[in-house]
Amino acid sequence: MQRLSVWITRVLHRPVSALAERGLLLPSVVSAGLFFLLPLGLLLLYSFGSVNLLNYQVYFGWTFSNYTGILRSIYLGVMLRSLALSLGATLACLLIGFPVAHTIARARGRRQVVLLVMIMIPFWTSFIVRTYGIYNVISYKGPLDRLLNALGLLHGQLQSLLFQPAGIAIGIVYSYLPLMVLPIYVALERIEPNVLAAAADLGARPRRVLWRVVVPLAAPGIVAGCMLVGIPAAGEYTIPAILGGNKTLMYGNVVSDQFLALGNYPFGSAIAMTLTGLLLGVLLWLRSRAAKAEARTAR
Amino acid sequence: MRRRIPSLSGVITTVVMICLYAPIVTVVLFSVDRDPLLLHWTGFTLHWYHVALHDPGVHADLVTSVEAAVLSTVLSLAVAITAGLWSRQASGRAQRMFDVLTYSRIALPEVLVALGLFALLEKLGIPLGLWAIVVGHVVFNSAYATVIIQARFATLGKSLEHAAADLGASPWRVFRRVTMPLLRPAVLVAGLLAISFSFDDVVSSLFLGGTSVETIPVLLLGMIRLHVTPEVNAIGAGQMLITTVTFAMAGLITVLRPTGAGEMLGFGRRAAK
């Protein structure tokens, strides 16, 4: 009781400016609370609920059947394949992005600026139009089809890309490549040239310098790039919607189908929450790894 | 190292550059191709632009896109500027907690948040439409804007504002005449980014627009999925022009004026460091 009165006096005597400064937090807290935390909280609640599939009435409850249902459903394979696809696309992005970042980091002056801007410009153009551009390029009788046929590399039609996992992977790599290149470039740019010279003077061959010096020092950039690419890729909706046709679905499409097409909110919420948990887990794991790596280099 | 590796990575870089631009170039080329089946180049025409510009559906969607972009940008900037002012006096722990809330809005896939909002609005009986789209865009746009504006605040001291206050300016006057001018480049960049993110957004606009309200990207998605007509290329090229110009303006400001946004977008070498 006494503590309460102390608290009240303290609040009442707090200077107005302090209250006003706290009030500055209000727009952020209200908007994030209402538009971000509350919707996610509702999904979490729904994921333990149940639905009457005759009239689409959703009931709250405390059942794990939606989560166990995922394991038994035909969607499990789809979801696992989709996660493998995002992982593969992220690795492809890394394999392509690292040499590009390396080239940019080694370039000097105006050339470097030009290369950086050239990598960024496609990223500044419209996301959906770029994806549609890929659709154009890899479609039947599209430019790639004709080019490969003209070169004699392909006999007949290019059928294996559009509406297939490979097409989606191309779309993801294409759309997210700048997000892989930039952090790796920043990390490579920070490497002291003296360190490389020292390694070479001590007799390390170029390949050994690359694997034992450059790659470890670029590790924070590589991790950041993989996060920036892998996490949105796992929840990608638009790229599979365009390049996957209705044949190859990804996680984001499976979730939204449950809501928009099938009306099974609890099951859709359980799938959504599984993805959220998975991504948060990956984020936290990478963060702890990064913190450890930082501690190691600090020593 | 100086001779072998650059040649390989140089070749990869060249191929990547070609691949990056090929899809964009095809859209632009197809948009001025006379052949309605888009199989052969049969000559230059602006016919598809003409068709797109006189399509009432395109008109309505363009209006919706602009409205959503402007409204979500204004709201996001208000949220971000107040958050920036708050963070100047926040304790380290409060700031870290706040950062988690900000970055999680950027990190979580948009599909999840958009479906959550969809379910929430339905639960509360609030109809979908323009305002639902605006809210969906504010979730991520305010997070990006907050990161940019807080970064700018972190580089600003308080001495100018203290001086103004000592000289007798009221807090509101200090904010308007000292703080805002210092903040202007960052606000401009955050605003331009918010406009282009909103204008380019597919997922939130698709789920939250309901059956009657759609934006240009949603229209494009529908056209691409159902039937590809040459008009798509013209609308796409127009859409691309708008987002590229807003982005490029943001980039130019970042290079010319200090904003703290450079690292996030990788504009230029100086900004990236």
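**Exercise 1. Work out how many residues of chain B are in contact with chain A, and what that side of chain B is made of.**

Start with the cut-off: two residues are in contact if their C-beta atoms, placed from the backbone, lie within 7 Å. On that basis, 68 residues of chain B are in contact with 66 residues of chain A. Next, look for the top contributor: helix 1 (residues 4-31) of chain B gives the most to this side, with 18 residues. Helices here are DSSP runs (H or I, at least four residues), strands are E runs of at least two, and both are numbered from the N terminus. Last, sort the side of chain B that touches chain A: 47 nonpolar, 15 polar and six charged. Ala, Val, Leu, Ile, Met, Phe, Trp, Tyr, Cys and Pro count as nonpolar, Asp, Glu, Lys and Arg as charged, and the others, Gly among them, as polar.

A word on the model: it's predicted, so local features need pLDDT of at least 70 and side-chain atom pairs 80 or more, while totals for chains, interfaces and linings use all residues. Residues are numbered from 1 along each chain as its sequence is written, with chains lettered from A and ligands numbered from 1 in the order written.

**Exercise 2. Describe the make-up of chain B.**

Count the elements: 13 helices and zero strands. Then check burial: 47% of the 273 residues in chain B are buried (20 or more other C-beta atoms within 10 Å of a residue's own, C-beta atoms being placed from the backbone; exposed is 12 or fewer, partly exposed in between).
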